[in-house]
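Reader: I would like to learn how to read this structure. Please take me through it one feature at a time.

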Amino acid sequence: MRLTRFSDIGLRVLIYLERAGERTQPVTVAEIGKQFDIPLNHLVKVVGQLAKLGWVQATRGRNGGLRLAADPATLTIGQVLRKLEGEDDELVDCDGTDCALKLDCQLRGMLRTGMKAFYDAMDRYTLAHATGGNTGEQVMRMHRMFWESSAAKRGQAAPEPVSED
């Protein structure tokens, strides 16, 4: 099984926003795109879906941007993947083929069982788990480097670093 690029981007956005919680300025789509080298047109679609699901607050305009709207301690990776990957999608499309085994095939059920086990395992992990330890520290460094770089371009001092508590 392989996650779609859409889900991969969605998880990165949520992880990045989780560690931006105490920033006074919201995170911009351009910032995330630059940090992860993601084309803006893809990113806008993903962020739109995350906002539609209620996990991200998106504000338009000059001072707009993105903030995490979900509780990282309760939003599970399983929930995110089910919504972004498509809960009802199967690993094989038996209905769309003329397979001679279609009526008596055991594989489809096995794959469903495996998919359920995967999602059940991902339900044990929250967004807070995904941003703990070294991952969270790296995201905090990314935030600092972006702000320092942005401030230097504007000829201003970088804002005070966000606490890593």
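Predicted model: local features only at pLDDT ≥ 70, side-chain atom pairs only at ≥ 80, totals over all residues.

**Contacts, core and overall form**

Author: Residues are numbered from 1 along each chain as its sequence is written, and side-chain values use heavy atoms, without hydrogens and water.

Reader: Which residues have the most contacts inside the largest nonpolar core?

Author: A nonpolar core is a set of buried Ala, Val, Leu, Ile, Met, Phe, Trp, Tyr and Cys residues joined through side-chain atoms within 4.5 Å; buried means under 20% relative accessible area (1.4 Å probe, protein chains only). Here the largest one has 32 residues, and Val 13, Leu 14, Tyr 16, Ile 32 and Leu 50 have the most contacts inside it. Helix H1 (5-18) is among the helices that each supply at least two residues; the largest share, 7 residues, comes from H1.

Reader: How many helices and strands are there?

Author: Helices (H or I, at least four residues) and strands (E, at least two) are DSSP runs, numbered from the N terminus. The protein has 7 helices and 2 strands, in the order α-α-α-β-β-α-α-α-α.

Reader: What does the C-alpha trace span along its principal axes?

Author: The spans are about 70 × 30 × 25 Å.

Terms used:
Buried < 20%, exposed > 50% of the residue type's maximum accessible area, 1.4 Å probe, protein only.
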